[in-house]
Amino acid sequence: MAIKVAPSVLAADYMNLQKDVEIVSNAGAEYLHIDVMDGQFVPDIAYGAGWVKGFKKITDMVLDVHLMVQNPERFIEEFANAGSDIIGVHYEATPHIHRALQMIKNAGVKAEVVINPGTAVELIKPVLHMVDQVLVMTVNPGFGGQKFLPETVEKIKELAELKSELGLEFDIEIDGGVNNETVKAAYEAGATVAVAGSYLFDKVDPVAKVNALKEATK
Ligand SMILES: O=C(CO)[C@@H](O)[C@H](O)COP(=O)(O)O
């Protein structure tokens with residue numbers, strides 16, 4: 001099965017968000033990836049829960065919310081109530097990753113644990129049974145337009161092996177520097193969902209770009 005595509009609205013045209021969402025949705029992208037940044041865990045600031053509420057009104061796409069915030073427990077209820085379908089929390093952002101994932105599940109939302117490029121896969125082994133998705137960051141989080149880090153492919157492979165060894169079912173998402181070339185190795189390693197920002201929105205023809213990601217992973 002071709003990889004699921006998750007356009008990142010961080011790279012969309014903020015003055016024409018609805019139009020951009022409709023374009024990628026009609027092109028067959030399954031998820032809408034919404035980055036939330038607090039200016040602490042990562043340097044920049046982006047998208048509060050009100051935006052999630054807004055996106056919920058205009059699309060049926062899976063709302064895939066990536067909390068790049070320190071102590072994400074503070075925001076889980078608000079983002080769940082706003083209509084998030086998946087909420088991702090960083091292993092590095094809380095001393096209580098297990099509790100944070102429990103909170104997401106208790107709110108009736110799919111739970112995702114996220115790891116930075118510098119974080120080892122084995123550190124999240126104790127919580128893998130709780131998650132619906134693992135996001136392996138393929139750049140350091142915080143900004144769009146960075147280069148895919150090839151060393152993260154080995155981590156995707158390691159995670160995919162662990163998943164089958166433990167007999168677990170979860171999606172493996174990649175995020176950062178994804179395009180129709182970099183997606184290939186990640187897909188072969190076991191990635192099932194690809195976030196793409198600048199590749200999809202910065203240049204012409206996002207429809208062709210969604211197709212190219214799917215074609216590259218058949
Ligand atoms: O989480 C992030 C950035 O930290 C992303 O979701 C970016 O939006 C991906 O952008 P590109 O690397 O695809 O331009």
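Strand β5 (residues 86-90) and strand β6 run parallel and are joined by five bridges, where helices (H or I, at least four residues) and strands (E, at least two) are DSSP runs numbered from the N terminus, and two strands pair if DSSP finds at least two bridges between them. The structure is a predicted model, in which local features need pLDDT of at least 70 and side-chain atom pairs count only at pLDDT 80 or more, while totals for chains, interfaces and linings use all residues. Residues are numbered from 1 along each chain as its sequence is written.

Strand β6 (residues 110-115) is largely enclosed by the rest of the structure, because five of its six residues are buried. Here a residue is called buried if 20 or more other C-beta atoms lie within 10 Å of its own, exposed if 12 or fewer do, and partly exposed in between, with C-beta atoms placed from the backbone. Strand β6 is also joined by four bridges to strand β7 (residues 133-137), and these two run parallel, with Ile-115 standing opposite Val-136 in β7. Another parallel pair is formed by strand β4 (residues 62-68) and β5, which four bridges join, and in this pair Val-65 stands opposite Ile-87 of β5.

These pairings belong to an open sheet of nine strands with mixed pairing, whose order is β1-β9-β8-β7-β6-β5-β4-β2-β3. At its edges stand β1 (4-7) and β3 (45-46), and since each has a single partner strand, one side of each is left without a neighbour in the sheet. In a regular strand the side chains alternate between the two faces of the sheet.

When neighbours within four places in sequence are left aside, Ala-194 is in contact with Ile-3, Val-5, Ala-6, Ile-174, Val-178, Val-183 and Leu-213, contact meaning that the C-beta atoms of two residues, placed from the backbone, lie within 7 Å.

Around the ligand there are 22 residues, of which Ser-8, Pro-141, Gly-144, Gly-197 and Ser-198 come nearest; a residue is counted as near a molecule if its C-beta atom, placed from the backbone, lies within 6 Å of it. Two or more residues of this shell are given by each of the elements β2 (31-38), β9 (193-196) and α7 (198-201). The shell divides into nine nonpolar, eleven polar and two charged residues, where Ala, Val, Leu, Ile, Met, Phe, Trp, Tyr, Cys and Pro count as nonpolar, Asp, Glu, Lys and Arg as charged, and the others, Gly among them, as polar. Gly-197 lies in the loop between β9 and α7 and is buried, with 24 other C-beta atoms within 10 Å. Not counting residues up to four places away in sequence, Gly-197 touches Ser-8, Leu-10, Ala-11 and Gly-144, and its C-alpha atom is separated by 7.5 Å from that of Gly-145, although the two are 52 residues apart along the chain.

Asp-13, in the loop between β1 and α1 (17-26), is exposed, with 10 other C-beta atoms within 10 Å, and the C-alpha atoms of Asp-13 and Phe-201 are separated by 7.8 Å across 188 residues of chain. Most residues other than glycine have a negative phi. Tyr-47, however, has a positive phi, near 25 degrees; this residue is found in the loop between β3 and α2 (49-58) and is partly exposed, with 17 other C-beta atoms within 10 Å. Asn-71 likewise has a positive phi, of about 50 degrees, and is placed in the loop between β4 and α3 (76-81), where it counts as partly exposed with 16 C-beta neighbours inside 10 Å.
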